[in-house]
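Good morning, and thank you for making the time.

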Amino acid sequence: MVVPTANVRSNFVGCVDTPGSLGTNGRPCAFGYVANVAPATALSGTATVTPQQFQDIIAASMTQKNTPFFNGAPDRPAGLIDGWTQIDVEKVFALSGIPNVNFDCVKQCAANDGKVYQQPVTRYKERATAGYVMTDFSFDHLPFTNRSLPFGLELDGNFGYRVVRTKVQASGTIGLTSALTTANFDPAAPNAVGGTVTATTGRATRMEATTTDYLPILSLALWLVPNEVVLRYNRAKQVARPPVTALIIFAGGRNLSLSATSNSQGEYAGFADGTTNLLAVTYAGRRIMVGVNYRN
């Protein structure tokens, strides 16, 4: 069973016979509309007309010039073009007799077995809920004592935690491919033409997962010279979501394999093994710098 694709890509050509095309083993012009033989593209085809008919259809499908280029712009130069003609594509389809230029098969369509089926559809939904808690601090004495920090140092900073809970849902069509050997199969040349027969079928698939990420952060500013020179330190764990294209389920004629790359400190889990483990890249970041600042 094959459902035709909703993408109609028909051709419109002009043809004239020659002695060669009319001779033995020639291919004379097949005037009219000829649909594709493949069931998956049965809604598309080729419309063949004479060269004069081709020119007439193009001429009849040209639209009049639209509004002038940069119309209404102040100080518009007089030498600019006054618009341009365009081709009315829908009119070309109508005049050339190309069918199926409609929305009849967008949501459901008749397959080659005569039954009506839903068209494959791809959906993706992600919902993230997050919350955080943080606090700031500043001191020039040792905590819980009356002793000053050595050398008159001052320490400012903050720390906190961010929690992100993400629910991801993805649906689409996964391709399942089978390969069978034939009587001509040669184990010494398993990839030889004619040794195997492959077939691919699509199956509607839905996957979902919920993950929770805990992201701590710490920032410190140590004033080496009060109000002038500061040493800063930052450490945090961050999360980067996979792109939508890495999570959409698709029919690729092979086992589903959705993956993403990360840096050396990141870790990723996806559909590489067919599981429903939709996670993101998490990585720890550190930064140390010395700056000259002025603080009121």
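A residue is called buried when its relative accessible area is under 20%, exposed when that area is over 50%, and partly exposed in between. Gly 152, with a relative accessible area of 41%, is therefore partly exposed. This glycine sits in the loop that runs between strand S6 (123–139) and strand S7 (154–181). His 141 is 11 residues from Gly 152 along the chain, and their C-alpha atoms are separated by 9.0 Å.

Please bear in mind that what you see is a predicted model.

Let me turn to the chain as a whole. Its secondary structure comprises three helices and 10 strands. In sequence order, these elements follow the pattern β-α-β-β-α-α-β-β-β-β-β-β-β. The chain has 296 residues, and 21% of them count as buried.

Which residues make up the largest nonpolar core? There are six in all: Phe 12, Ala 47, Val 49, Ile 57, Val 92 and Ile 98. Leaving aside residues up to four places away in sequence, Val 49 touches Phe 12, Val 13, Gly 14, Cys 15, Phe 31 and Phe 54. There is also a second, separate core of five residues, among them Val 3, Leu 43, Cys 105 and Cys 109.

Helix H3 brings us back to some of these names. Ser 96 is located in helix H3. Is Ser 96 buried or exposed? Its relative accessible area is 11%, so Ser 96 is buried.

At the start of H3, a side-chain oxygen of Asp 88 comes to within 3.3 Å of the backbone nitrogen of Glu 90. Just after H3, Gly 97 adopts a positive phi of about 80°.

Positive phi values also occur in residues other than glycine. Asn 25 is not a glycine, yet it has a positive phi of about 60°. Asn 25 lies in the loop between helix H1 (19–22) and strand S2 (32–35), and because its relative accessibility is 78%, it counts as exposed. Asp 75 also has a positive phi, near 55°, and is likewise a residue other than glycine. Asp 75 is placed in the loop between H2 and H3; at 79% relative accessibility, Asp 75 counts as exposed.

Trp 84 is found between helix H2 (51–61) and helix H3 (89–96). Its relative accessibility is 41%, so Trp 84 counts as partly exposed. Together with Phe 69, Phe 70 and Ile 81, Trp 84 makes a nonpolar surface patch of about 410 Å².

Finally, the charged side chains. How many salt bridges are there, if we require a side-chain nitrogen of Lys or Arg within 4 Å of a carboxyl oxygen of Asp or Glu? The count comes to one salt bridge. Arg 206 forms a salt bridge with Glu 208, and the closest N and O atoms are 3.4 Å apart. The side chains of Arg 206 and Glu 208 also make a polar contact, at 3.4 Å. Arg 206 is placed in strand S8 (residues 196–225). Its relative accessibility is 54%, so Arg 206 counts as exposed, while Glu 208, at 37%, counts as partly exposed. Arg 206 and Thr 122 are 84 residues apart in sequence, and 9.6 Å apart in space from C-alpha to C-alpha.

That concludes my presentation, and I thank you for your attention.

Technical notes: Residues numbered from 1 in each chain as written. Predicted model: local features only at pLDDT ≥ 70, side-chain atom pairs only at ≥ 80, totals over all residues. Heavy atoms only, no water. Patch = residues over 30% accessible without salt bridge, like charges linked within 9 Å, V, L, I, M, F, W, Y side chains within 5 Å. Areas by Shrake-Rupley, 256 points an atom, 1.4 Å probe, with all protein chains shown as cover. Helix = DSSP H or I, 4+ residues; strand = E, 2+ residues; numbered from the N terminus. Buried < 20%, exposed > 50% of the residue type's maximum accessible area, 1.4 Å probe, protein only. Core = buried A, V, L, I, M, F, W, Y, C linked by side-chain atoms within 4.5 Å. Contact = heavy atoms within 4.5 Å. Polar contact = N/O pair within 3.5 Å; in protein donor to acceptor, adjacent residues only side chain to side chain.
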